[in-house]
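Try each task yourself before you read its solution.

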Amino acid sequence: MRPSRARYVVVGFALTLAIIAYIQRVAISQAAGPISTDLGLSKAELGMVFGAFGLSYALFEIPMGALGDKLGVRRVLAQIVILWSAFTALTGAAWNLTSMWVIRFLFGAGEAGAFPNLTRMLSTWLPRGERVRAQAIMWACTRWGGAGTPLLALLAINAVGWRWSFVLFGLVGVIWVLVFLAWFKDDPAEHPNVNAAELKLLEGARQLGSESHGGSWLSLFTRPDVCVLVVQYFFFSFVWYFYVTWLPSYLREAWNLSAAEAAGYSVLPLLFGGFGSLISGLLPIKVPRRIVAFLGFAATAGLLYAVTKLQSVGLAMTCMALASFCSDLTMPISWNTCAEIGRRYTATVAAMMNMFGNFSGFVAPVLSGFILERYAGDWNVLLQIMAGAACISAVCWLYLDPDKVAARNAVEAPV
């Protein structure tokens, strides 16, 4: 009997939700200009609005991840997608700095559980070899979804204004939930479309989602490999959040581009980042992931520094796109390591890592706003700080070895 392919439908749910999540979070960067004008926001205040999402996303990561481990992915994902889609729509109702900050904070709280619970969902529904590739494809799709958002948002803003654009983006999440609830089950054994052969294929994955790592979830905070994992992700995110917050403003102000030109160039870092994630997941298993990650971040640092020395916007954005490609080589590596370490607590470990990444998502745009005001709009100072953050991430990978983590914590037969 050939295995059924229900697990690929689950991958489809993960990919589409990842794209939706990134469209809804990236749209505000393209709307930054009209939002600042309508609400009268300064650079520092706009940075605070950008940072509100990262702060709440970080604060609610572990609770949302732990909730998914306890209550199941189906129930938790349905609730949080409805929640964040509602606040996406309400973004268009903001009338001042305070209201916009609160709405974006609550939007971030809703999105906080998305990727920890998607990671748990994939760890339960896919064997290890397929899981790594699915993580790579998922993160590639997030980048490509984010890459297409500036142009999509620009079209929507020009058609219906920035306020109604957010309402339209919010409706997409509601549609996803309705389809998801009609099809998905937490346990593959309970799904009518899973035959005995596919269930046998998923035995190890189901075991991975139910076995303990040898202690309570609180003990994960003291594990050195977890600590290094979250530190590298913090500094990775410090760089990455620039692409989804300040990049359109950088292009308009540092290079004097129009809104349409800035939207076009804004596609490049996320587009190339998607290819980085995809290529990383397709690398042969014998290629040391530790070396891939170290070289990726080292190259990122060099390329970002090079941007500050270039006099052509085309060359500068090519370097920035390549920097994004290099740093995103680590994305499937980092997220699959969460499953290897966490086992039963996969969503919790993933939430812990993403929590620190999104604390950076709060720190980076807020600090960037103050840096730009302090240095009279000198974007090169900010780019040099980003290059330093990439160097720290590279150093972390001198310690962390995902291949050893996988070997030590494996609960499945080799695939």
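Accessible areas come from the Shrake-Rupley method with a 1.4 Å probe, and for residues only the protein chains shown count as cover. This is a predicted model, in which local features need pLDDT of at least 70 and side-chain atom pairs count only at pLDDT 80 or more, while totals for chains, interfaces and linings use all residues. Residues are numbered from 1 along each chain as its sequence is written, and side-chain values use heavy atoms, leaving out hydrogens and water.

**Exercise 1.** Find the accessible surface of the chain and the share of carbon and sulfur atoms in it.

Solution. Start with the total, which is about 15,300 Å². Next, take the part that belongs to carbon and sulfur atoms: 68%.

**Exercise 2.** Decide whether Q232 is buried or exposed, and find its side-chain partner in a polar contact.

Solution. Third, a polar contact of 3.1 Å links its side chain to that of W397. Such a contact is a pair of N or O atoms within 3.5 Å; within protein, one must be able to donate a hydrogen and the other to accept it, and residues adjacent in sequence count only if both atoms are side-chain atoms.

**Exercise 3.** Count the disulfides, then check C227.

Solution. With a disulfide taken as two cysteine sulfur atoms within 2.5 Å, the count is zero. For C227, the nearest cysteine sulfur belongs to C396, 11 Å away. C227 counts as partly exposed, at 33% relative accessibility.

Definitions and conventions
Buried means under 20% relative accessible area, exposed over 50%, partly exposed in between (1.4 Å probe, protein chains only).
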